[in-house]
Amino acid sequence: MTKIKKDFIYDPSLVLFLPLYELDGASFMDKSHYGHLATATGALWRPNGREFDGVDDKIEIPDQDYWSFAGDFSLIVWAKWTADASWWINALLAHTEKPDTNKKWYLSYDSGNTATIFHIHDNVTPQNILSAVWTRTLGTFYCIGVKRVGNDYTFYKDGQANGTATQSQ
């Protein structure tokens, strides 16, 4: 059962909640019941969220085993792009397992393929899993998501399913 309180959401399956329009300062706690410490580098606070420069701005959260997605998962993020860049620079959400920087994942928009991309690298073979084709308009907010159940991925754009894929990784 999900309980919503003013300062956090108690739902054991929600492991990170960052309403960036509320979270000012260089460091802040996420609003899930885990209370992860988040540190912003660059990423200027604005009343409607954080502004990232598309080069090196980021929000870092300490490594946790559940960022490795051993089972089913869902990721969702609101984003507005103001310039075009390669998908690995435009990463919306990402995780790199340290010290092994080859084991990682990214959720992004790939302007070359005009699709949402979920990139997984497991130290052996990198895989790019793509949504259905859609064209992003710079300056427009989008709600982007991906859900994995078993080996099946479903992509979402603005609350609607936008393609599926099956991958064993």
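Begin by selecting β10 (103-110) and β11 (115-122), each of which supplies at least two residues of the lining of the second largest pocket. Strands here are DSSP runs of E with at least two residues, numbered from the N terminus. A pocket is an open set of points, on a 1 Å grid over the protein atoms alone, where a 1.4 Å probe fits, with protein on both sides within 12 Å along at least five of seven lines; its lining residues have an atom within 4 Å of a point.

The model is predicted: local features need pLDDT of at least 70 and side-chain atom pairs count only at pLDDT 80 or more, while totals for chains, interfaces and linings use all residues. Residues are numbered from 1 along each chain as its sequence is written, and side-chain values use heavy atoms, without hydrogens and water.

Next, select Ser68, Phe69, Lys103, Ile120 and Arg148, which among the 15 lining residues lie nearest the centre of this pocket. The space within the second largest pocket is about 230 Å³, a volume filled by probe spheres set on the grid points. Its lining comprises six nonpolar, four polar and five charged residues. β11 gives the most to this lining, with four residues.

Then turn to the open sheet of four strands, ordered β8-β13-β14-β15 with antiparallel pairing. Its edge strands, β8 (73-80) and β15 (160-166), each pair on one side only; two strands pair if DSSP finds at least two bridges between them.

Finally, select β8 together with β13 (residues 141-149): eight bridges join these antiparallel strands. Within this pairing, Trp78 has Cys143 of β13 as its bridge partner.

Technical notes. Ala, Val, Leu, Ile, Met, Phe, Trp, Tyr, Cys and Pro count as nonpolar, Asp, Glu, Lys and Arg as charged, and the others, Gly among them, as polar.
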